[in-house]
Amino acid sequence: MIATSVGFSGYLKRDLLLAYRRRGEAASPLIFFLLVSTLIPLGVSPDSARLAELAPGIIWVMALLATLLSTESLFASDYQDGSLEQMLISPQLLALTVLGKVTAHWLVSGLPLTLVSPVIGIMLSLPGEGTVPMMASLALGTACLSLIGAVGAALTVSLRKGGLLLSVLVIPLYMPVIIFGSAAVQAAIDGLNWLGPLAILGAMLSGAIALCPLAIAGALRLVSNN
Amino acid sequence: MSTAPLLTVEQLSYERDDCNVFKPVNLAVEAGDILQIEGANGAGKTTLMRLMTSALQPTAGSILYQGRSIAQCRYEYLADILYIGHQSGVKMALSAEENLRWMSPASTSANQIAEALVTVGLGGYADVPCYSLSAGQHRRVALARLTTSRAKIWFLDEPFTSIDKQGVAALQNQLQNHLAQGGAILLSTHQNLAIDGLRTYSVEPHADRGELR
Amino acid sequence: MASARNWNWFHRMGSPRWFYETTGRWLPWLWVLTISLVLTGLVWGLAFAPQDAKQGNSFRIIYLHVPASFLALAGYYLMAIAGAIGLIWKMKLSYMVMKSAAPIGAALTFIALFTGAVWGKPTWGTYWVWDARITSMLILLFLYLGVLALQYAFHSQEAGNKASAILALVGTVNIPIIYKSVDWWYTLHQSATIKLTSAPSMHPDMFQPLLVVIVAMYSFYGLALILYTRVEILQRERKAGWVRELARQAETQEPAK
């Protein structure tokens with residue numbers, strides 16, 4: 001009776017189609033990521049040794065901010081045009097529907113960031129050993145960020161200027177992700193085992209997949225009505 | 001055979017910020033009934049609709065679907081209702097056809113979707129992105145759901161807004177057909193409808209709200 | 001609803017009026033308890049406890065720092081639990097407690113950070129180090145600020161309550177993860193910074209007054225929370241008959257003073 005898979009895949013497909021129709025908007029976090037990475041050598045130093053030292057952390061901070069940038073719009077247009085209301089009363093499990101939307105968000109924000117990160121790595125003189133761990137940690141980590149960010153986006157969806165507030169709410173929650181994300185890259189550069197931090201990121205992602213959709217669904221139900 | 005009405009609302013009330021929105025609502029709707037919900041602007045018509053569609057949780061009272069609380073048969077109930085609110089749920093970046101496909105049951109065929117668009121007079125606009133359509137046409141896209149949906153109970157909040165004369169007549173026809181097939185309709189509108197057996201229910205604002213500035 | 005009848009006691013407990021009247025009876029005792037505990041603890045700790053062999057008198061700031069840190073974290077959990085009760089049982093009083101706990105907790109977190117910085121300067125020669133505990137405390141402050149900001153961002157009181165309750169709950173799940181992560185992060189970078197582990201054991205003469213100030217801080221927290229909640233109750237229930245009656249009584253008493 002309950003068409004659970006329809007809720008997930010339906011919203012996933014729809015959001016991907018919407019992102020494709022609004023390619024310019026969907027690409028802006030990626031462009032932001034690239035732009036800010038040119039600021040770093042200008043602001044700090046073009047010296048490759050110094051850049052290499054900072055690269056893991058900086059790439060992670062930028063990825064975090066780029067994801068945050070696109071999170072605000074996750075539910076905003078659905079809220080404005082009434083499709084969020086339809087989502088609340090559709091006979092599908094809201095938590096799964098929401099997971100479909102977040103997956104679409106990751107596919108258009110986190111995944112592209114992960115794919116271009118080697119280019120940024122080269123621009124910031126990231127040592128070669130760090131590239132694969134960086135991509136792996138970004139892939140897992142940005143998925144966590146999308147999920148956590150979606151909780152904040154759901155809580156602030158009915159506020160007119162939710163963007164700044166959203167960052168106040170979710171940045172503290174992002175901290176464990178950035179700790180283990182950049183640590184994995186750093187460990188690989190130092191020749192240490194980087195699978196440990198990566199495994200913890202994976203564990204965080206599993207936890208986030210299990211819990212965040214419930215929090216998002218609850219937030220949408222309780223808060224978006226007022 | 002159950003004798004319980006299709007939809008029963010008992011002593012339903014809703015508080016917003018410690019303040020009752022309307023006087024407790026009691027109503028019953030049988031198959032084939034059409035109920036027009038009336039009330040001044042801000043009386044709580046939309047709130048009542050949203051409560052009945054379970055988008056909002058009531059503070060007190062109950063809503064029964066075929067005699068069972070909708071909390072108990074939530075998914076069954078949700079599969080049997082259709083709600084078209086003020087905001088149509090139409091995505092501007094998608095075409096009329098994509099919007100309708102997306103808002104219709106998964107098993108709807110491409111033909112049915114095309115037919116539904118013809119029914120609401122959007123036959124030639126299926127592939128046009130919705131941002132280039134007018135407000136009335138957006139509403140028509142949403143109203144095309146009435147054709148593809150298999151829901152028993154329709155909740156229509158101001159369905160005639162920005163619809164032209166012919167559109168109003170066509171929609172009234174469609175409502176009548178739904179009733180003839182044993183469906184039920186609850187709608188709020190300021191139009192005078194020419195539909196047989198139309199009953200009205202008037203939403204009274206609660207005394208609480210007078211006290212607030 | 002039929003099931004509601006069995007929950008009478010619970011709902012009475014959830015009545016703001018019941019809370020206001022009951023705590024009104026407790027308040028004088030709580031004031032006496034708090035003041036005497038604070039005085040005993042502080043005088044004992046600041047004037048009579050022996051000096052620290054290495055840190056001299058500056059160590060005495062722990063008599064404020066330690067209890068504030070304790071309550072900062074406990075306060076977050078109390079706030080989240082109050083929020084959860086509000087969400088589950090739709091209890092208004094619970095939201096009021098949650099709303100009151102947020103600024104008190106944020107203030108205590110700030111006090112803990114501030115006293116830590118002041119203590120750090122004479123002891124380690126710097127106001128700020130990225131130590132695991134300090135960093136966690138800073139993140140806790142941010143979590144509190146998020147709850148506060150969200151609470152006041154909504155026009156609707158109710159939406160603000162529900163939203164901040166959900167955020168507080170999400171934060172609760174996250175706090176252990178954040179603390180563990182920060183601990184791990186710190187051990188990774190520890191070699192670079194000063195090691196802040198405290199003295200292995202405290203002399204009982206120093207420890208006993210610390211216990212007293214910790215209890216005093218709990219008592220103070222309870223007092224502050226009750227006072228704050230009472231203000232919140234009067235504000236929210238200002239339309240209710242019993243609050244109007246209170247206001248009328250207060251007005252008639254005024255000229256007598």
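Mentor: Chain C has eight helices and zero strands. Here helices (H or I, at least four residues) and strands (E, at least two) are DSSP runs, numbered from the N terminus. Along the sequence, chain C reads α-α-α-α-α-α-α-α. Before we go on, this is a predicted model, where local features need pLDDT of at least 70, side-chain atom pairs count only at pLDDT 80 or more, and totals for chains, interfaces and linings use all residues. Residues are numbered from 1 along each chain as its sequence is written, while chains are lettered from A and ligands numbered from 1 in the order in which they are written.

Trainee: What share of the residues in chain C is buried?
Mentor: A residue is buried if 20 or more other C-beta atoms lie within 10 Å of its own, exposed if 12 or fewer, and partly exposed in between, with C-beta atoms placed from the backbone. In chain C, 35% of the 257 residues are buried.

Trainee: How do I check the span of a helix, such as α7 of chain C?
Mentor: The expected span is 1.5 Å times one less than the number of residues. Helix α7(C) covers residues 204–236, which is 33 residues, and its first and last C-alpha atoms are 47 Å apart, close to the expected 48 Å. Its buried residues include P209(C), V212(C), F220(C), Y221(C) and I233(C).

Trainee: Which helices do the buried residues of α7(C) pack against?
Mentor: For packing we use contacts: two residues are in contact if their C-beta atoms, placed from the backbone, lie within 7 Å. The buried residues of α7(C) pack against α2 (16–48), α3 (62–89) and α4 (92–124) of chain C. Contacts also show how far apart in sequence the partners are: among those in chain C between residues at least 6 apart, 79% join residues at least 24 apart.

Trainee: How many residues of chain A touch chain C?
Mentor: Contacts with chain C involve 21 residues of chain A, which meet 24 residues of chain C. Helices α8 (131–155), α9 (162–189) and α10 (195–223) of chain A each supply at least two residues to that side of chain A. The largest share, ten residues, comes from α9(A). To sort residues by class, count Ala, Val, Leu, Ile, Met, Phe, Trp, Tyr, Cys and Pro as nonpolar, Asp, Glu, Lys and Arg as charged, and the others, Gly among them, as polar. This side of chain A has 18 nonpolar, three polar and no charged residues.

Trainee: And what touches chain C from chain B?
Mentor: There, four residues of chain B are in contact with five residues of chain C. The chain B side has no nonpolar, no polar and four charged residues.

Trainee: Where in chain A is confidence lowest, and where is it highest?
Mentor: Look at pLDDT, the predictor's confidence in each residue, from 0 to 100. Chain A averages 91, and 97% of its residues score at least 70. Confidence is lowest in helix α1 (residues 4–21) of chain A, with a mean of 84, and highest in α8(A), at 96. In α8(A), 21 of the 25 residues are buried, so this helix is largely enclosed by the rest of the structure.

Trainee: What is the strand order in the open sheet of chain B?
Mentor: Two strands pair if DSSP finds at least two bridges between them. This open sheet has five strands in the order β6-β7-β8-β3-β9, with parallel pairing. The edge strands, β6 (81–84) and β9 (198–202) of chain B, each pair on one side only. Strand β7 (153–157) is joined to β8 (184–188) of chain B by five bridges, and L156(B) stands opposite L187(B). Between β6(B) and β7(B) there are four bridges, with Y83(B) partnered by F155(B).

Trainee: Why is β7(B) described as largely enclosed?
Mentor: Five of its five residues are buried, so β7(B) is largely enclosed by the rest of the structure. I153(B), F155(B) and D157(B) point one way from the strand, while W154(B) and L156(B) point the other way.

Trainee: Which strands pair in the antiparallel sense with β1 of chain B?
Mentor: Strand β1 (7–13) pairs with β2 (25–29) of chain B over four bridges, and T8(B) has A28(B) as its bridge partner. Five bridges join β1(B) to β4 (60–65) of chain B, where S13(B) stands opposite A60(B).
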